[in-house]
Structure formats: C-alpha cells, structure tokens
Amino acid sequence: MHWDDRQPIYRQLADQLAGRLLDGEPREGEAMPSVRALAGSYLLNPLTVGRALQALSDDGLLENRRGLGLYVRTGARDHLRMLERQRFLEQEWPQLRLRLRRLGLRPEELDWEA
C-alpha cells in the first residue's frame, strides 16, 4: 500500500475502509476486522488503525459492542453513500467540471459505462 504524504495515514485508511463498506465488505451488522488484523494487513501501527476506526465510528458507520468489537451499523452503507455523494458534489465535481471544460470535453464524449 502506498500512502500519500498530503493526508494523515489514519484518514487514508479510514477512506480505504469506507470504500470497502460501500462495496458491502463487511455487510451491515457484521463485525469489522480487529485492530490487530487490520494493522497486520496494512502494515501499520495499531494506534493508527484505531484512529481510522474511530473516525468511521465518529461518522456514524460503526458501533462498539462492548466486549465484542466494532460492528457495521444498520444503514451505514446508505449513510456513507450520502456523505460521499455530498463530498463529491462539493469538492471533487467543481474541479472535475472545470477540467472537462478546459479540455473541451462534452458529456457525449465521456464513456459513462466504463
């Protein structure tokens, strides 16, 4: 895994895990992998992984079940999709639209099915 120096690693990991949640992995109601398992998979300090999981919890995507670990909340995928759509429309789309305009690309020239 390559980490970008422009953003904290825990935030990048939280984004990676959020992407997996959007893809349905793990499913709502299922347990998240443990901090140790994620730290081993991503070769990161467990404290960094803990911060990433806390960020997802703070976003309302995970719930802590005492003694059992973190679980994906019911409705987390829809909530995350709404948050990501909002972020895309507010942050990424204006820049993308400007780039398309500068390149002279029209909507019919874009491959929407790719």
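Residues are numbered from 1 along each chain as its sequence is written. In this predicted model, local features need pLDDT of at least 70, side-chain atom pairs count only at pLDDT 80 or more, totals for chains, interfaces and linings use all residues, and side-chain values use heavy atoms, leaving out hydrogens and water.

Colleague: Which residues touch the most other members of the largest nonpolar core?

Modeller: A nonpolar core is a set of buried Ala, Val, Leu, Ile, Met, Phe, Trp, Tyr and Cys residues joined through side-chain atoms within 4.5 Å. Buried means under 20% relative accessible area (1.4 Å probe, protein chains only). This core has 22 residues, and those touching the most other members are Leu-13, Leu-53 and Leu-62.

Colleague: Which elements give two or more residues to this core?

Modeller: Elements are DSSP runs, numbered from the N terminus: helices (H or I, at least four residues) and strands (E, at least two). The elements are α1 (9–22), α2 (35–42), α3 (46–58), β2 (69–72) and α4 (76–103).

Colleague: What does Leu-53 touch, not counting residues up to four places away in sequence?

Modeller: Contact means heavy atoms within 4.5 Å. With that cut-off, Leu-53 touches Leu-17, Met-32, Val-35, Leu-38, Leu-62 and Leu-70.

Colleague: Which element gives the largest share of the lining of the largest pocket?

Modeller: On a 1 Å grid over the protein atoms alone, a pocket is an open set of points with protein on both sides within 12 Å along at least five of seven lines; a cavity is a set where a 1.4 Å probe fits but cannot get out; lining residues have an atom within 4 Å of a point. The lining includes Arg-11, Asp-15, Leu-80 and Arg-87. Two or more lining residues come from each of α1 and α4. The largest share, four residues, comes from α4.

Colleague: How many residues in the lining of the second largest pocket are charged?

Modeller: Asp, Glu, Lys and Arg count as charged; Ala, Val, Leu, Ile, Met, Phe, Trp, Tyr, Cys and Pro as nonpolar; the others, Gly among them, as polar. The lining includes Trp-93, Arg-97 and Trp-112. By class, this lining has seven nonpolar residues, no polar ones, and charged residues numbering three.

Colleague: How much space lies in the largest cavity?

Modeller: Grid points are joined across faces, edges and corners, and a volume is the space filled by probe spheres set on the points. The lining includes Leu-17, Met-32 and Leu-38. The space in this cavity is about 30 Å³.

Key:
Buried means under 20% relative accessible area, exposed over 50%, partly exposed in between (1.4 Å probe, protein chains only).
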